[in-house]
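Here is a structure to look at for the first time. A few questions and answers go with it.

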Amino acid sequence: MRLQPVSKCAFRNSRTIAQLIYLAELLLSAVHCPSCSCVDTKVIDSRESEEGAAIRRRRSCTDCGFRFTTYERLENQPLFVIKRDGSRQPFDRAKVASGIQAAVKGRPVEDIGIMAMVERIEDKLRLVGGDVTTSDVGHSVLDELRAADEVAYMRFASVYKNFDDAADFRRELALLQKRSTRA
Ligand SMILES: [Zn+2]
């Protein structure tokens, strides 16, 4: 019988649920060793490069000792929104948040929930790549509100002026009706 080699990798040695949850979180965001895929790596040197646009980190795997380099780049690509009049403006989180705030006024939606919505909306729009339209932003807000609070959703949909045409509004109403009949 061959003995398992002693591993220093925290993921392999973890025992308790708390340790496993902590490590699962690490695993999702962590850098894996390219040699043994262990997530327990140690930064041994860190410096800015490319005039501060990236941080270069020299890492060492705590398990197998393999050394490798990672680059962390700043997500500073601005997201632009094309308005109906054709003008192009940077995505404004505060503006989206205040639109949502107005819609959820007096409804059981907390500020922290609003901030999470704005974050998801921005993430989703960034994934589209390139410029987005005010209509894209409006639809993303509606998607969030539909899931969060029906009254807030209705309020936003009814004042939302940036639908491309009436068909968009009908689509939203149909979705809402479908949801109400299911509930
Ligand atoms: Zn390794």
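This is a predicted model: local features need pLDDT of at least 70, side-chain atom pairs count only at pLDDT 80 or more; totals for chains, interfaces and linings use all residues.

Me: How many helices and strands does the protein chain have?
Reply: Helices (H or I, at least four residues) and strands (E, at least two) are DSSP runs, numbered from the N terminus. On that basis the protein chain comes to 7 helices and 6 strands.

Me: Which strands stand at the edges of the open sheet of 3 strands?
Reply: Strands count as paired if DSSP finds at least two bridges between them. The order is E5-E4-E6, with mixed pairing. Each edge strand has a single partner strand, so one side of it is left without a neighbour in the sheet; these are E5 (88-90) and E6 (132-133).

Me: Are helices H3 and H4 roughly parallel or oblique to each other?
Reply: Helix H3 (residues 93-104) and helix H4 (residues 111-128) pack at about 130°, with axes 10 Å apart. Axes are lines fitted to C-alpha atoms, for helices over the stretch in contact, and angles run from 0 to 180 degrees between N-to-C directions. Angles under 35 degrees count as roughly parallel, over 145 as roughly antiparallel, 65 to 115 as roughly perpendicular and the rest as oblique. That makes H3, relative to H4, oblique.

Key
Residues are numbered from 1 along each chain as its sequence is written.
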